[in-house]
Amino acid sequence: AHRLGFCSQFCMLTSRASLDFLRDSDFSFKRLVLFIMLALVAGGVFFQIDDSEQSGVMSLVGGVVMGVIFVGAIMANTTAVAIGKRRPSFTREQAAHTYSPTAYALALTVSAAPWTALFAAAFTLVYAAMVGYAASVIPPMLLIVFLFATAFSNIAVVP
């Protein structure tokens, strides 16, 4: 059996996975609600902490760490469910030597990137507003940290 080149495989799989993510709007909506709920919980724990003393600053740093753990864990768990739905087709295509596992994993990671950005932005907006970061440079920095955390958790879960 002859396989297509890596770029062709990657393009075909990315378009298919992107369409799958787009069609599964109910699952995406549930993930968004989960992110907002956990942002409310995390924001409630660190609500308007006074950062004029060292203890307040350390608490806010702890809040960022907790936010990264929440975002990474949620994305890893929900990505595992999303990948589990695609497992039968992945196994069938592996048995037929249609696509390489690397192209499959990279396509799933790339097609999940817009959703990852949306969910991390929703978490960051709610969390930063509750903690008191709203008028500073910290929310964009938090978003970048959360995006890295979720991207690495996605890569770790993909087959």
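## Aromatic pairs

The structure, a predicted model, holds five aromatic pairs. One of them joins Phe 35 and Phe 123 in an edge-to-face arrangement, with 6.4 Å from centre to centre and 85° between the planes. Phe 35 belongs to helix α2 (residues 25-45) and Phe 123 to helix α4 (residues 101-131), so this pair ties together parts that lie 88 residues apart in sequence. Phe 35 is buried, its relative accessible area being 0%. Phe 123 is likewise buried, with a relative accessible area of 0%.

A further pair is formed by Phe 123 and Tyr 127: their ring centres are 5.7 Å apart and their planes stand at 15°, so the pair counts as stacked, the cut-off for stacking being under 30 degrees. Both residues lie in helix α4, four residues apart, which corresponds to about one turn of the helix. Tyr 127 is buried, with a relative accessible area of 0%. Ring pairs link Phe 35, Trp 115, Phe 119, Phe 123 and Tyr 127 into a cluster.

## Packing of α2 against α3

Two packed helices are described by the angle between their axes and the distance between the axes. For α2 and helix α3 (residues 54-95), the angle is about 165° and the axes are 11 Å apart. An angle over 145 degrees counts as roughly antiparallel, and α2 and α3 are therefore roughly antiparallel to each other. The crossing of these two helices is right-handed.

On the α2 side, the contact is made by Phe 27, Arg 31, Leu 34, Phe 35, Leu 38, Ala 42 and Val 45. The residues they meet in α3 are Met 66, Phe 70, Val 71, Ile 74, Met 75, Thr 78, Thr 79, Val 81, Ala 82 and Lys 85. By class, the contact of α2 with α3 comprises 13 nonpolar, two polar and two charged residues.

Leaving aside neighbours within four places in sequence, Lys 85 is in contact with Asp 24 and Phe 27.

## Phe 6 in helix α1

Which helix contains Phe 6? Phe 6 is placed in helix α1 (residues 6-23), and at 38% relative accessibility it counts as partly exposed. Phe 6 and Ala 103 are separated by 97 residues in sequence, while their C-alpha atoms are 6.5 Å apart in space.

When residues up to four places away in sequence are not counted, Phe 6 touches Ser 100, Thr 102, Ala 103 and Leu 106.

## His 97 in the loop between α3 and α4

His 97 is found in the loop between α3 and α4. The phi angle of His 97 is near 55°, a positive value in a residue other than glycine. With a relative accessible area of 47%, His 97 is partly exposed.

Definitions and conventions
Residues are numbered from 1 along each chain as its sequence is written. This is a predicted model: local features need pLDDT of at least 70, side-chain atom pairs count only at pLDDT 80 or more; totals for chains, interfaces and linings use all residues. Side-chain values use heavy atoms; hydrogens and water are left out. Rings of Phe, Tyr and Trp (its six-membered ring) pair if their centres lie within 6.5 Å; planes under 30 degrees apart count as stacked, over 60 as edge-to-face and the rest as tilted. Buried means under 20% relative accessible area, exposed over 50%, partly exposed in between (1.4 Å probe, protein chains only). Axes are lines fitted to C-alpha atoms, for helices over the stretch in contact, and angles run from 0 to 180 degrees between N-to-C directions. Angles under 35 degrees count as roughly parallel, over 145 as roughly antiparallel, 65 to 115 as roughly perpendicular and the rest as oblique. A crossing is left-handed if the near helix is turned anticlockwise from the far one by less than a right angle, and right-handed if clockwise. Contact means heavy atoms within 4.5 Å. Ala, Val, Leu, Ile, Met, Phe, Trp, Tyr, Cys and Pro count as nonpolar, Asp, Glu, Lys and Arg as charged, and the others, Gly among them, as polar.
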